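Colleague: Can you walk me through this one? I'd like to get my bearings first.

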Amino acid sequence: MTTPARFRPRVIDVDAIQWTGTNATALTEFAGERFAETAPEDRADDPDSTAALLETEHDAWFDLHVGDWVVRRCSTFEVLGEEEFADRYEPAPLPAA
């Protein structure tokens with residue numbers, strides 16, 4: 001290509017699950033050892049954080065609040081708030097079995 005052209009990102013489907021505060025088993029099945037509930041005595045920095053996720057990009061634990069989404073894209077994981085998740089994603093059909 002020898003002249004400028006316009007490009008946009010390809011659409012990539014992701015898998016995601018919303019943290020409800022009561023679905024720890026489902027989050028553990030989804031994210032494995034990257035997910036952990038936070039004991040009340042360990043919430044001094046952020047009392048509203050009830051769990052944490054080891055994000056792939058930052059290789060650091062991020063607090064999870066009820067309503068946050070855990071997103072898996074290929075083998076990477078990230079945490080998104082409800083508004084940011086809704087801005088980025090919409091429901092997609094499930095792949096054929």
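Modeller: A word on terms first: helices (H or I, at least four residues) and strands (E, at least two) are DSSP runs, numbered from the N terminus. This is a predicted model, where local features need pLDDT of at least 70, side-chain atom pairs count only at pLDDT 80 or more, and totals for chains, interfaces and linings use all residues. Residues are numbered from 1 along each chain as its sequence is written, and side-chain values use heavy atoms, with hydrogens and water left out.

Colleague: OK, in what order do the three strands sit in the open sheet?

Modeller: The order is β2-β3-β4, with antiparallel pairing; two strands pair if DSSP finds at least two bridges between them.

Colleague: And which strands stand at the edges?

Modeller: β2 and β4 (60-64) do; each has a single partner strand, so one side of each lacks a neighbour in the sheet.

Colleague: Switching topic: where is T50?

Modeller: T50 is in the loop between β2 (35-37) and β3 (51-55).

Colleague: Buried or exposed, that T50?

Modeller: T50 counts as buried because its relative accessibility is 17% (buried is under 20% relative accessible area, exposed over 50%, partly exposed in between, with a 1.4 Å probe and protein chains only).

Colleague: What does T50 touch, leaving aside neighbours within four places in sequence?

Modeller: T50 is in contact (heavy atoms within 4.5 Å) with W19, E37, T38, R43, L64 and V66.
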